[in-house]
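Subject: Structure handover and findings

Hi,

Here is the structure I promised to pass on. Please open it next to this email.

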Amino acid sequence: MDLLDAVKARLAAGPEVQQCYYVTGEADFMLVIIVQTMADYEALTRRLFFDAGNVKRFRTLVVMDRVKVGLGVPLL
């Protein structure tokens with residue numbers, strides 16, 4: 001298994017990871033995660049990113065308000 005497949009498998013296995021996208025551009029992956037506390041978030045980042053050894057950096061955006069949530073696709 002190569003490094004990319006290993007990262008995908010690790011992210012897919014995390015119950016906190018609600019959505020994971022392999023993308024182009026500045027980042028390789030975009031994640032939507034859900035944790036109850038910042039301590040839980042820190043533990044998750046240690047497990048998924050710091051302990052991985054092949055993650056150079058990550059950036060966090062914290063949701064302040066859910067304006068619209070949904071994955072439905074309108075059929076036109």
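Below is what was found in it, grouped by topic.

**Ground rules**

This is a predicted model, with local features requiring pLDDT of at least 70, side-chain atom pairs counting only at pLDDT 80 or more, and totals for chains, interfaces and linings using all residues. Residues are numbered from 1 along each chain as its sequence is written, and side-chain values use heavy atoms, leaving out hydrogens and water.

**Confidence**

pLDDT is the predictor's confidence in each residue, from 0 to 100. The chain averages 91. At least 70 is reached by 99% of the residues. Among the elements, β1 has the highest mean pLDDT, at 96. The lowest mean belongs to α1, at 91. Where pLDDT is low, predicted coordinates should not be read in detail.

**Helix α2**

Helices and strands are DSSP runs numbered from the N terminus (helices H or I, at least four residues; strands E, at least two). Helix α2 spans residues 38-50. Burial goes by relative accessible area: under 20% is buried, over 50% is exposed, and in between is partly exposed (1.4 Å probe, protein chains only).

Which residues of α2 are buried? They are Tyr41, Leu44, Thr45, Leu48 and Phe49. These residues lie on the same side of α2 because they cover an arc of only 100° around the axis. That arc is taken from the directions from the helix axis to the C-beta atoms. Ala39 and Phe50 are exposed on the other side of α2.

What do the buried residues of α2 pack against? Their partners are α1 (3-13), β1 (17-22) and β2 (29-33). Contact here means heavy atoms within 4.5 Å.

Threonine 45 sits in α2. Its relative accessible area is 4%, so threonine 45 is buried. Leaving aside residues up to four places away in sequence, threonine 45 touches Phe50 and Phe58.

**Aromatic pairs**

A pair of aromatic rings is described by the distance of the centres and the angle of the planes. Rings of Phe, Tyr and Trp (its six-membered ring) pair if their centres lie within 6.5 Å; planes under 30 degrees apart are stacked, over 60 edge-to-face, and the rest tilted.

The search of the whole structure gives three aromatic pairs. Here are two of them.

- Tyrosine 22 and phenylalanine 29 have ring centres 5.2 Å apart and planes at 35°, so this pair is tilted.
- Phenylalanine 49 and phenylalanine 58 have ring centres 4.5 Å apart; their planes are at 35°, so this pair is tilted.

Phenylalanine 49 is buried, at 16% relative accessible area. Phenylalanine 58 counts as partly exposed, at 33%. Ring pairs also join Phe49, Phe50 and Phe58 into a cluster.

**The hairpin**

Two strands pair if DSSP finds at least two bridges between them. β1 and β2 pair in the antiparallel sense, over five bridges. Together they form a hairpin with six residues between them. Glycine 25, in the turn, has a positive phi of about 110°. Two examples of facing residues: cysteine 20 stands opposite leucine 31 in β2, and glutamine 19 stands opposite valine 32 in β2.

**Salt bridges**

Side chains of opposite charge can pair when their charged atoms come close. A salt bridge is a side-chain nitrogen of Lys or Arg within 4 Å of a carboxyl oxygen of Asp or Glu. How many does a search of the whole structure find? There are two.

Arginine 47 meets glutamate 16 at 2.9 Å, N to O. Arginine 47 lies in helix α2 and glutamate 16 in the loop between α1 and β1, so this pair ties together parts 31 residues apart in sequence. Arginine 47 is partly exposed, at 40% relative accessible area.

Arginine 46 meets glutamate 42 at 2.8 Å, N to O. Both lie in helix α2, four residues apart, about one turn of the helix. Arginine 46 is partly exposed at 45%, and glutamate 42 is partly exposed at 40%.

**After α2**

Arginine 66 is in the segment after α2. Arginine 66 is exposed, with a relative accessible area of 67%. Its C-alpha atom is 24 Å from that of alanine 12, which is 54 residues away along the chain.

Best regards
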